[in-house]
Amino acid sequence: MKPAAAHSLLLRSLCLALCCLGGARASWRSSGNHEWKKLIMVHHWPVTVCKEVEHDCRDPPDYWTIHGLWPDKAEECNGSWPFNLEEIKDLLPKMKMYWPDVIHPLNHSHFWKHEWEKHGTCAAQVDTLNSEKKYFGRSLDLYQQLELNSMLQKLGIKPSINYYQISDIKDALASIYGVIPKVQCLPPKQGEEVQTIGQIELCFTKELQLRNCTEPGEPREPRGAWGPGLEVCEDGPAFYPPPQRTAH
């Protein structure tokens with residue numbers, strides 16, 4: 001083969017390889033099944049997380065932590081884009097603080113891997129979230145901007161053995177954020193009087209502007225849509241369980 005022909009073949013092969021690599025990163029673009037309209041910042045209450053999975057957690061965080069930043073109606077959009085812990089190594093101090101794996105505190109990365117592969121690869125459709133570093137970094141930014149923990153404290157909504165009305169919690173949060181949040185609960189088990197607060201969602205547009213999590217006329221989500229046992233809270237009383245510290 002002549003040198004010029006070999007050089008041309010090499011260039012074509014290189015271009016093909018680069019196109020394939022780019023196509024892997026953007027494979028979600030070719031499918032209409034991964035379209036979504038809003039992002040859901042999901043906070044969960046660690047005490048309820050432990051109860052939900054019937055896991056004897058040892059001293060879970062006594063503040064609301066991140067469950068995830070979830071596009072609605074889209075999951076696992078790009079199986080060829082695996083999680084790489086090295087890409088977020090400079091975020092790890094904040095990740096361990098605000099986005100811990102409550103159930104497996106010694107192995108946070110498994111939880112983050114799940115969140116990236118199930119939700120992050122779908123969120124990557126927008127430029128502000130189109131890398132692992134951007135997805136986790138922006139999620140942390142939103143969590144800190146929302147300041148859900150301090151807002152609840154200011155509203156006088158604190159873990160208590162007394163019950164809260166779900167409508168009061170939603171109205172109070174709406175007065176702060178200007179949008180309608182969504183609250184998930186564990187339904188009462190046998191012997192329990194009321195539902196238990198587990199998650200609070202605040203929703204965003206693709207431009208990362210706050211928006212209502214639900215609009216008039218939207219169908220109610222099926223039971224268990226957000227996890228084992230969790231469902232949208234019923235109007236009425238709910239338990240916001242205080243942390244129970246173990247003896248050391």
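Tutor: Let's start with a term: a disulfide is a pair of cysteine sulfur atoms within 2.5 Å. The structure is a predicted model, in which local features need pLDDT of at least 70, side-chain atom pairs count only at pLDDT 80 or more, and totals for chains, interfaces and linings use all residues. Residues are numbered from 1 along each chain as its sequence is written, and side-chain values use heavy atoms, with hydrogens and water left out.

Student: Thanks! How many helices and strands does the chain have?

Tutor: Both kinds of element are DSSP runs numbered from the N terminus, helices being H or I with at least four residues and strands being E with at least two. Counted that way, the chain has seven helices and eight strands.

Student: What share of the residues of the chain count as buried?

Tutor: Buried means under 20% relative accessible area, exposed means over 50%, and partly exposed lies in between (1.4 Å probe, protein chains only). The chain has 248 residues, and the part that counts as buried is 44%.

Student: Among contacts between residues at least 6 apart in sequence, what percentage join residues at least 24 apart?

Tutor: A contact means heavy atoms within 4.5 Å. Among the contacts at least 6 apart in sequence, the part that joins residues at least 24 apart is 75%.

Student: On to the cysteines. What is the pairing of the bonded cysteines, numbered in sequence order?

Tutor: The structure holds four disulfides. With the bonded cysteines of the chain numbered in sequence order, the pairing reads 1-2, 3-4, 5-8, 6-7.

Student: Is the link of Cys-50 and Cys-57 left-handed or right-handed?

Tutor: The sulfur atoms of Cys-50 and Cys-57 are 2.0 Å apart. Cys-50 is buried at a relative accessible area of 8%, and Cys-57 is buried at 11%. The angle about their S-S bond is -110°, and the link is left-handed.

Student: How many residues apart in sequence are the parts that Cys-185 and Cys-233 tie together?

Tutor: Cys-185 and Cys-233 are joined by a disulfide, S to S 2.0 Å, and both are buried. The torsion about their S-S bond is about 95°, so this disulfide is right-handed. Cys-185 sits in strand S4 (residues 182-186) and Cys-233 in the loop between strand S7 (231-232) and strand S8 (237-240), so the distance in sequence between the parts they tie together is 48 residues.

Student: And for Cys-203 and Cys-213, how far apart in sequence are the parts tied together?

Tutor: Their sulfur atoms are 2.1 Å apart. Cys-203 is buried at 1% relative accessible area, and Cys-213 is buried at 1% as well. A torsion of about 105° about the S-S bond makes this disulfide right-handed. Cys-203 belongs to strand S5 (residues 195-204) and Cys-213 to the loop between strand S6 (210-211) and S7, so the parts tied together are apart in sequence by 10 residues.

Student: Now the helices. How are H4 and H5 oriented to each other?

Tutor: Axes are lines fitted to C-alpha atoms, for helices over the stretch in contact, and angles run from 0 to 180 degrees between N-to-C directions. Angles under 35 degrees count as roughly parallel, over 145 as roughly antiparallel, 65 to 115 as roughly perpendicular and the rest as oblique. Helix H4 (residues 108-123) and helix H5 (residues 132-146) pack at about 100°, with axes 10 Å apart. H4 and H5 are therefore roughly perpendicular.

Student: Which residues of H5 does H4 meet?

Tutor: From H4, the residues involved are Trp-112, Glu-115, Trp-116, His-119, Gly-120 and Ala-123, and on the H5 side they meet Glu-132, Tyr-135 and Phe-136.
The residues of this contact divide into five nonpolar (Ala, Val, Leu, Ile, Met, Phe, Trp, Tyr, Cys and Pro), two charged (Asp, Glu, Lys and Arg) and two polar (the others, Gly among them). So that the names stay in view, the H5 residues are Glu-132, Tyr-135 and Phe-136.

Student: Last one: is Glu-76 buried or exposed?

Tutor: Glu-76 lies in the loop between S2 and H3. Its phi is near 50°, a positive value in a residue other than glycine. With a relative accessible area of 56%, Glu-76 is exposed.
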